[in-house]
Every structure is written in structure tokens, then in C-alpha cells.
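Hello,

Here is the structure you are taking over. Please open it first, then read the notes below.

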Amino acid sequence: MEAASDPIEFLQQQLASTRQLLLNNSLYDSLESLADLRRFMEHHVYAVWDFMSLLKALQQELTCVRMPWVPSARPALRRLINEIVLEEEADLDPLGQPISHFELYVRAMEECGADTGPIRRLVAAVADGRSVERALEIANAPASVREFVLTTFDVIGTGKPHVMAAAFTFGREDLIPDMFRQLVSDLHTRFPGQLDTFTYYLNRHIELDEDVHAPLAQQMVRELCADVPERWLEAQQVAIRCLEARMALWDGVKLSHPRAALA
């Protein structure tokens, strides 16, 4: 493959093999029953939750969220991240009512009978001031979930906007449309009335991330990395780390179900 001259395209080339392994994961084909989907959602919901923390960390870095207010340095990035926050934190549900994507996901879990107790305990513990690590223990989250979430918060802990933006873009926004297409193809017809909210959530992410969020997020990485080679290298390293963490999360789902583990 000829090396790309555009840094975003070059980074995507470097991630292509790891990304393809994730998209070809046997997990998707192993989700054959409602029980399988419930188990998947009970793991995946943590990734939906920690995504919001990654997003809000970027908003804190790129905008002013303190008092007294002062204008942040990059108006274009300020608008970009606020647009994404609006749709992730206060999107519209199928009835046109405002809701965050996390809350929509929890509603989808309830609709299909998945256990929302652990994620609710985690959110309550964090709201009570517990550390993320302690909240994961209180929720009795699986080891693969803990590793995934703590990886996300390790990225946030770097305090480097370009690193967080790379994780956000290439570990989430650029990946999600193709990944969710693996799930959504026939859910509505196979499980009528039981996965309507989940199907809406998946389709909404495919629409937003592919057409709106991914291009905006790539622009964010481009501006934050600028022409600094070290930043582009860090962006590549963290993107690979995030993709590998997602693979480990999917492996954890499969290991929680012997039949899926053999798929």
C-alpha cells in the first residue's frame, strides 16, 4: 500500500489491520439469542458510559467550563466539540424527547430484559464521590470491563488534548458505524418489539458518527496534532491501544458465555 501524504489517512493505514481484526471479530456472529444480546449489552454499557467521560474531558480541554468565563483559544474546536456534546448528552429519543445516549442505552437494556443493576451501582458510586476504580468494584464489573474503562481514564489522565482526541476519534467515532452494522442487520425482524430502542440507538450512532461526528473528530485531531510529529506518533499509539482494549472487551463477552467463546 502506498503511503498516504495526508496524516489522517496515514494514521488510518497504520490502524487498518488492527481495526479489521476488530470488525471481523467472531462475537457478532455469536449473538444468536436474546440471552446473548443481554450479556453483550451488560458488558458494552460500560463503554457507552466511559465514552461520555472521554467526551466531557475533551470539552473541558477545548472550551471554558469554569467561572468566570473566558474565551478558549480555538473557536473552531470549541464549536466542534460542543456540537458533538449536544447530540451525545441531549439527543432525541424515538418520541422526540431529550435523552443522553447512555440513558437511551440503559432504556434499551431494560426493554430486552438485560440487568441494569451493576451499571446503575457504578453511576451511583461515582455520583457519591467514589473513584472510578472503586465504583467498578462496587458494580462487580468483569475484569475485561475494568481493563477497558481504566484504559479510557488513563487516556483522560494524560491531560493531553491530542491524545484524548485520537482515542475519541479512532477508538470510538471512526470505528462505531462499521462495528454497529455488524449488529444491526436483522435485530428488528428477529426480535420484534424487544429491541426497538437498541436498534434505534445503533442506527442513530451509525447515522451521526459516520456523517457528522467522525469527520468533525478527524478535524479535531488534525488541528490538535498540527505539524508536530511527536503528537501524531502519540495519536497512533493511543489509537492502537484503544482498539486492542476493545478487542479485549469483546473477548470478555465471549468468555462469559462458553458457546460464544467457541465461535
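Beyond its neighbours within four places in sequence, His43 is in contact (heavy atoms within 4.5 Å) with Pro142, Ser144, Val145, Leu249, Gly252, Val253 and Ser256. His43 sits in helix H3, residues 34-62. Helices here are DSSP runs of H or I, at least four residues, numbered from the N terminus. His43 is buried, at a relative accessible area of 7%. Buried means under 20%, exposed over 50%, and partly exposed in between, with a 1.4 Å probe and protein chains only. The His43 side chain also reaches the backbone oxygen of Arg39 at 3.0 Å.

A note on the source: this is a predicted model, where local features need pLDDT of at least 70 and side-chain atom pairs count only at pLDDT 80 or more, while totals for chains, interfaces and linings use all residues. Residues are numbered from 1 along each chain as its sequence is written, and side-chain values use heavy atoms, leaving out hydrogens and water.

Next, helix H8. Its buried residues are Ser144, Val145, Phe148, Val149, Thr151, Thr152, Val155 and Ile156. They lie on the same side of H8, because they cover an arc of only 150 degrees around the axis. That arc is taken from the directions from the helix axis to the C-beta atoms. The cover over these buried residues includes H3, H7 (132-138), H9 (161-173) and H13 (229-255). The face turned away carries the exposed residues Ala143 and Gly157. After H8 comes Gly159, with a positive phi near 70 degrees.

Last, Arg181, in helix H10 (residues 176-184). Arg181 is partly exposed, at 36% relative accessible area.

Best wishes

Notes:
Helix = DSSP H or I, 4+ residues; strand = E, 2+ residues; numbered from the N terminus. Polar contact = N/O pair within 3.5 Å; in protein donor to acceptor, adjacent residues only side chain to side chain.
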